Amino acid sequence: MSSEEFVPLSLTPLLIGTFAAVACALPGNFLVLRKQALIGDAISHVVLPGIVVAFLLTGAISTWPMMLGAAGAAIVAVVLIEAIRRLGQIEPGAAMGVVFTTMFAAGVLLLEQTDTSTVHLDVEHALYGNLESLIWLDATGWSSLWDLEALAGLPSELSRIALTLIGVILFTWLFWRPLKISTFDEGFARTIGIRTGALGMALVITAAIAAVAAFDAVGSIIVIAMFICPPAAARMMTNRLETQIICSVVFAITSAVAGYVLAGYGPLWLGGADAVSAAGMIATISGLILALTAMFGPCRARVGVQNSS
Amino acid sequence: MLWDALSLQLGYNATLVAIGATLLGVSAGVTGTFLFLRKRALVSDAISHATLPGVCLAFMVLVALGGDGRNLPGLLAGSAISAWVGLLCMNWLTRHTRLAEDAAIGAVLSVFFGFGIVLLTVIQTMGVGRQAGLEGFLLGSTAGMLWADALIIAIGGAATLLLVVLIRRPMTMVAFDPDYAAARGLPVHRIDLAMMGLVMAVTVVGLKIVGLILIVALLIIPPVTARFWSERSDRVVLLAGLAGGLAGYVGAAFSASAPNLPTGPIIVLVSFVFFALSLFFAPVRGVLAAVLRHLQFQQRVHIRQGLLALAQDQKIYEPLTLRLLRRAGLVRADGVATDPGKARAAKALRDEKRWEVVRSDQAHEATAALYDGLRDIDTVLTQDQIAEIDRRIGGPQEVPS
């Protein structure tokens, strides 16, 4: 494929997919280690009512109200889960299940009740996103990267997800030591003066921001897959957190690039005519990576538990 | 209109959907209870999402064989197979790798669902033209439900219920104490798989009505609701079935009564209403009951402290204590004790003295452990014992001023 085609059609979706994957995989590492992996799942479900409510209030598909709505819904969900867990003395998994299914159902109902036929807002879009449509029409080739006029036509999703990624990296870098200590030994973290409750909340909020930004660009299915699969696969490869995070980033980038390429060109190689869903393919590739590491990874076994029991 | 719907007078389709949803609600509630008691409620999320690739593959196979791609038994069989594969993957990940169950659930859920979406887009580009309705499995679609579809749901639901009745005892034991069950020689791992198999059956049966994303709600919310009302597992199972069935029935009727009310989400929201009502108003475990218990406790503490203060001629400044004492007729408006107030105060002080004796006496160690500053001593000791203690204290004395 020549650069005249590659840059406008594939470069931006590839970058957006990669950034979204890495932005989700970074907090995902800590969530998986803290056994909170399903928070990504819950957040990506509850985002729907938030977006629909934002649409109802503003009457238009505009980015910032929708992001705010999604973030608001995520916060409402976290608060509700905590409240139900404490007030009803219900185990966290079930409380989460009650809240996110109800909010998702409310979102679907609101969507059906409103006339959204004129705008591009439906459940399928929320689930698989529209990665393929995020093209850069102003580009003519690699030289456009230095062309300010063409750069202005970049899809706004790209800058948003890039900003989010920078934010997530900053959060991980700044809070590296407390995060690491409180993830592995919460009691010790408290004794040396780390406020573990606030830190855990900050981690969840960072994850929610990453989820909402990625959701906006690539749909909820990648969000769930990238929160869990690359970190889980990296966990099979090493016992060191630093190596695990590097591995997970590599896996996330691999899934995003390979998934996008396979979805776009795979059917053509097989003689098909049309591309398949890139979001679905990225999730599938990350699952394949996880399957491979689960079968052959050097640290796949649960050694510590067997020794201690 | 709603009444017509509730009494099944809105026509053939609405009636079919209402009956199907009720049966589905009952079997989902009953099955979900065991999952909830086993603390694995979110496993249902992985199972339900893992049905999607099976549905798509079954559709492709059916079309390739020249049949109608929307043949419901074929699609359900496909979904059951892929859900089972997903379940085995999840089990393998938790048993043979270091991943915790939540990570395994999330991995299976997202990967199977993503693969399903890939297949869905493949089907869309196959150009068969009859794929309309396959997306209906995501959120359920009851519009074109046929008699045969309803029959499948009814038979599936009934078969699931029967199986639950047959293996409820081992499932209950595994849910409460897997180690004990293993010590008794029960095959815990296989019982767990059977439990998951039942959940899978409910999921597959429910695909048509509520869709694969919302079936999770029917498996989780009714058991959580029922748990508020009873501490006995058999009653929780029955109540969960009742709550699920009722939610299915009311939800289906409600969604038939007006346009643009999709059945699946309405059923979920109705069952959430039941949950919210239980959360607040259930006896013992409900929030309202807890608040009332707290207020009652507060009242007892205040009255007790007030009486002790009266007995020792101390002035009471706490407004709540004064108000409570006044309402009980123990003090007058100016804070001076009435005759019954004086009697109760003397008794409270004497009881406190008796407790003091009990707590300093090794022989009463077990009783002393019950002391919390509120308990009446005659509820824990016999008259003879109290008389013995009183002898040690001696007769009534003047309170030193």
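Chain B is split into domain 1 (2-261) and domain 2 (288-393), with bounds that come from an automatic or database domain assignment. The C-alpha centres of domain 1 of chain B and domain 2 of chain B are 56 Å apart.

A quick word on conventions: this is a predicted model, where local features need pLDDT of at least 70, side-chain atom pairs count only at pLDDT 80 or more, and totals for chains, interfaces and linings use all residues. Residues are numbered from 1 along each chain as its sequence is written, while chains are lettered from A and ligands numbered from 1 in the order in which they are written.

Now to the meeting of the chains. Contact (C-beta atoms, placed from the backbone, within 7 Å) involves 53 residues from chain A and 47 residues from chain B. On the chain B side, helix 6 of chain B supplies the largest share, 16 residues; helices here are DSSP runs of H or I with at least four residues, numbered from the N terminus. The side of chain B that touches chain A divides by residue class as follows:

| Class | Members | Count |
|---|---|---|
| Nonpolar | Ala, Val, Leu, Ile, Met, Phe, Trp, Tyr, Cys, Pro | 35 residues |
| Polar | the others, Gly among them | 7 residues |

Notes
Two residues are in contact if their C-beta atoms, placed from the backbone, lie within 7 Å. Helices (H or I, at least four residues) and strands (E, at least two) are DSSP runs, numbered from the N terminus.
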